[in-house]
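Please keep the sequence and the 3D view open while reading.

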Amino acid sequence: MTTPIGIHDLSTATTNYVLEHATLAHHQGRDVAKYHKGIGQEAMSIPAPDEDIVTLAATAAAPILDRHGSNNLDSVLVATETGVDQSKAAGLHLHSLLDLPRTTRVVELKQACYGATAALQFAAGLIACEPRRRVLVIATDIARYDLDTPAEATQGAAAAAFLVSAHPAIAQLEPVSGIYSADIGDFWRPNYRDTPVVDGGLSVTSYLSATNDAFTDYREKGGRPLEQFAAFCYHQPFTEMAYKAHKHLLQTRGGTPTREVLTGDLGATTGYNRLLGNSYTASLYLALASLLDRGGDLAGAPIALLSYGSGAVAEFFSCTVMPGYRDHLRTASNEHMISSRKPIGYHKYRELYQAGTTGSESNRTMPEHTEGPFRLAAIDGHHRLYEAR
Ligand code: HMG
């Protein structure tokens with residue numbers, strides 16, 4: 001019998017500040033229904049000047065290390081498309097912040113919003129070879145778009161950390177997964193830019209066709225038919241995208257899904273992302289956290305996951321929820337991370353946006369903003385200096 005492998009613990013983090021879409025719409029002179037209904041977003045997380053993907057990653061990962069320690073921690077895989085360095089893995093900053101063992105492998109992965117799913121599959125492979133190993137995957141991203149563009153309303157930021165192990169307490173991965181990769185120019189960020197170049201319309205149609213193709217591959221490899229799943233977690237650049245993708249998938253299989261059916265299949269997965277905005281690599285795993293926290297009793301249920309990263313790679317895979325999983329969730333702290341953000345007005349938002357521009361400063365002291373447990377204190381001689389509080 002093969003060893004069951006999957007998610008043993010799942011923890012999340014987001015930024016200090018939040019901008020309500022009602023505030024954005026008001027300043028744009030727009031009907032807020034475009035955001036609340038049209039794209040399904042109510043608010044987006046906004047980073048403080050002393051927050052970045054490392055502080056978000058550390059905040060998400062620390063409770064996992066507190067609960068499980070770092071024995072047998074084989075690897076820390078950080079997936080991000082908001083890298084703070086072209087060479088050094090962001091996870092190495094966690095060594096000092098989280099006191100990681102020197103015997104743990106640390107590496108960073110990138111493929112737009114898909115990176116964390118690759119990390120999860122690589123982790124499963126490492127554990128299949130040696131079941132005592134445990135792997136910490138951290139998805140951490142800050143989604144920033146140019147101001148005054150249609151994409152501006154789909155910004156956001158968050159991290160999701162999950163411990164992958166044999167005999168998992170929360171969800172066991174199923175062996176089949178369907179893949180789709182193609183060279184598509186829907187969204188990318190050249191090295192010289194702080195924000196991505198995006199063809200919004202193409203990104204939506206690419207996501208839809210990639211979902212269909214990944215599911216086709218999943219079925220051809222012996223995966224479950226759609227009707228067996230209790231719920232569907234999609235990558236959520238904005239939560240209406242999950243509805244579009246699921247509707248498309250059901251329609252291409254001959255279905256005529258009503259809004260009620262779609263909501264039954266994925267409504268509980270959108271609770272967190274609707275309030276956080278796009279968190280790129282973390283988004284799918286925040287959808288899973290929301291489902292587990294808010295989706296009723298799912299013990300034994302098969303769950304579908306669709307990971308999409310522009311450029312583009314998609315993967316359709318599945319897991320089953322473990323009996324007793326609720327004892328291992330972090331529902332209260334997930335809800336707290338969202339409710340404890342500080343709401344900001346439109347001018348403060350623009351000010352913080354400008355402060356978040358990378359620039360080329362080799363020396364900079366960060367003003368103290370965040371109330372989170374970790375902060376970027378300074379850049380000194382090109383070194384990023386982080387501190388734990
Ligand atoms: P837009 O120009 O705001 O779009 O851009 P729109 O005018 O078509 O409006 C959006 C929806 O709101 C439409 O509904 C409107 O009808 C509706 P739809 O036709 O789509 O069903 N609407 C209203 N509804 C109710 N009341 C109203 C109202 N007004 C309008 N008053 C777009 C939208 C997504 C293109 C833009 O936000 C964008 O470019 N975003 C960034 C790219 C993106 O998120 N793409 C998603 C797929 S790609 C992906 O997921 C990967 C990604 O995460 C990156 C990565 O992988 O790293 C992005």
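The model is predicted. Its ligand sits in the second largest pocket. The structure also holds two cavities of 30 Å³ or more.

**The ligand pocket**

- The second largest pocket contains about 610 Å³ of space.
- Its lining counts 32 residues, and Ala-151, Thr-154, Val-198, Gly-200 and Phe-238 are the closest to the pocket centre.
- Two elements, α2 (33-39) and α6 (200-220), each give two or more residues to this lining.
- The top contributor is α6, which supplies four residues to the lining of the second largest pocket.
- Sorted by class, the lining of this pocket has 18 nonpolar, eight polar and six charged residues.

**The ligand and its shell**

- The second largest pocket is where the ligand sits.
- The elements that give two or more residues to the shell around the ligand are α2, α6 and β12 (302-309).
- There are 25 residues around the ligand, and those that come nearest are Lys-34, Glu-81, Cys-113, Ser-203 and Lys-244.
- The shell around the ligand is made up of 13 nonpolar, eight polar and four charged residues.

**Polar contacts and cover**

- Thr-154 uses its side chain: a polar atom there lies 3.4 Å from a nitrogen atom of the ligand.
- Pro-150 uses its backbone: an N or O atom there lies 3.1 Å from an oxygen atom of the ligand.
- Ser-310 also has a polar backbone atom in place, 2.8 Å from an oxygen atom of the ligand.
- On its own, the ligand has 1100 Å² of accessible area, and the protein covers 69% of that.

**The largest cavity**

- The volume of the largest cavity is about 50 Å³.
- Residues that line the largest cavity include Gly-6, Ile-7, Leu-120, Ala-171, Gln-172 and Leu-173. Tyr-285, Leu-288, Leu-305, Phe-317 and Cys-319 line it too.
- The most comes from β8, with three residues in the lining of the largest cavity.
- The lining of the largest cavity has nine nonpolar and two polar residues, and no charged ones.

**The second largest cavity**

- The second largest cavity has a volume of about 40 Å³.
- Its lining residues are Leu-10, Ile-170, Ala-289, Leu-292, Asp-293, His-328, Leu-329, Arg-330 and Asn-334.
- Helix α10 gives the largest share of the lining of the second largest cavity, three residues.
- By class, the lining of the second largest cavity has five nonpolar, two polar and two charged residues.

**Backbone features**

- Most residues other than glycine have a negative phi, and most peptide bonds are trans.
- Ala-312 has its place in the loop between β12 and β13.
- The loop between β5 (105-109) and α5 (115-129) is where Ala-112 is found.

Methods. Residues are numbered from 1 along each chain as its sequence is written. This is a predicted model: local features need pLDDT of at least 70, side-chain atom pairs count only at pLDDT 80 or more; totals for chains, interfaces and linings use all residues. Side-chain values use heavy atoms; hydrogens and water are left out. On a 1 Å grid over the protein atoms alone, a cavity is a set of points where a 1.4 Å probe fits but cannot get out, and a pocket is an open set with protein on both sides within 12 Å along at least five of seven lines; lining residues have an atom within 4 Å of a point. Grid points are joined across faces, edges and corners, and a volume is the space filled by probe spheres set on the points. Ala, Val, Leu, Ile, Met, Phe, Trp, Tyr, Cys and Pro count as nonpolar, Asp, Glu, Lys and Arg as charged, and the others, Gly among them, as polar. A residue is near a molecule or strand if one of its heavy atoms lies within 4 Å of it. A polar contact is a pair of N or O atoms within 3.5 Å; within protein, one must be able to donate a hydrogen and the other to accept it, and residues adjacent in sequence count only if both atoms are side-chain atoms. Accessible areas come from the Shrake-Rupley method with a 1.4 Å probe; for residues, only the protein chains shown count as cover. A molecule sits in a cavity or pocket if more than half of its atoms lie within 2 Å of its grid points.
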